[in-house]
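Subject: Structure for your files

Hello,

Here is the structure you are taking over. My notes on it follow below.

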Amino acid sequence: MNEAIREILLTEEEIKNKVRELSNQIIKDFPDGDVILIGILKGSVIFVADLMRSMNINVTMDFMAVSSYGMSSNTSGIVRILKDLDFDIEDKDVVIVEDIIDTGTTLKYLYEYLKARNPRNLKICCLLDKADRRKADIKADYIGFSIPDEFVVGYGLDYAEKFRNLPYIGILKEEVYKKD
Ligand SMILES: O=P(O)(O)OC[C@H]1O[C@H](OP(=O)(O)OP(=O)(O)O)[C@H](O)[C@@H]1O
Ligand code: HPA
Ligand SMILES: [Mg+2]
């Protein structure tokens, strides 16, 4: 285990099974395909890649880049759009794919922003839900795991851009982020 990790919260196997479950739920809602998955950079990259590969319908992908955490373990509360979509989503079936809902600031902002472009359906698929920390009124349609109020990393999630490559999701030791 990485020495910055206090405890493994979700193993590779648990994540893999959950990704399959979530992709089945999405397919059930959109059996005819032509779904656009919108990955939110950078945290959702690994999740969206795995999710997409377990969907045997026509799916396309696009990305948005936003950042509210920067190099910190706390949200700034301000969402900055760093990259917008490449394609039009009007009248399309769209699923926003996120790694985590924490305060909800990022997803609330993105949901309203994309809703204004009149997609036929706009859903949210989120691997982790840290409900205790919620400030913004937003709920995902597809949720992987509810997790406790701990700063987690791995499977795409970072602290100061590190640990995204861990294959599991682990709780970061407090001394790693408290000393910054
Ligand atoms: O619910 P919230 O409190 O808004 O937090 C969730 C968001 O914060 C993280 O992104 P971050 O800004 O760290 O960018 P990253 O994906 O590039 O790591 C995470 O990937 C979510 O997008
Ligand atoms: O617990 C977290 N880990 C990594 N990034 C995050 N962004 C919001 N919450 C978290
Ligand atoms: Mg981050």
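The elements covering the buried residues of helix α3 include β2, β3, β5 and β6. Those buried residues of α3 (residues 105-115) are T105, T106, L107 and L110. Here buried means that 20 or more other C-beta atoms lie within 10 Å of the residue's own, exposed means 12 or fewer, and partly exposed is in between, with C-beta atoms placed from the backbone. Helices (H or I, at least four residues) and strands (E, at least two) are DSSP runs, numbered from the N terminus.

This is a predicted model, in which local features need pLDDT of at least 70 and side-chain atom pairs count only at pLDDT 80 or more, while totals for chains, interfaces and linings use all residues. Residues are numbered from 1 along each chain as its sequence is written, and chains are lettered from A and ligands numbered from 1 in the order in which they are written. The mean pLDDT (the predictor's confidence in each residue, from 0 to 100) is 93 for the protein, and 94% of its residues reach 70 or more. For the complex the predictor gives an ipTM of 0.97 and a pTM of 0.94.

In helix α2 (residues 45-53), I46, F47, V48 and L51 are buried. They pack against α1 (12-29), β2 (35-41), β3 (59-67), β5 (93-101) and β6 (121-129).

Leaving out residues up to four places away in sequence, I96 touches I38, I40, L110, Y111, L114, I124 and C125; contact means C-beta atoms, placed from the backbone, within 7 Å.

**The three-stranded sheet**

An open sheet has the order β1-β9-β8, with antiparallel pairing; strands pair if DSSP finds at least two bridges between them. β1 (5-10) and β8 (152-153) each have a single partner strand, so one side of each lacks a neighbour in the sheet. Two bridges join β8 to β9 (residues 169-172), and V152 has I171 in β9 as its bridge partner.

**A136**

A136 lies in the loop between β6 and β7 (142-146). A136 counts as partly exposed because it has 15 C-beta neighbours inside 10 Å. A136 and G104 are 32 residues apart in sequence but 5.0 Å apart in space, C-alpha to C-alpha.

Regards

Conventions: Contact = placed C-beta atoms within 7 Å.
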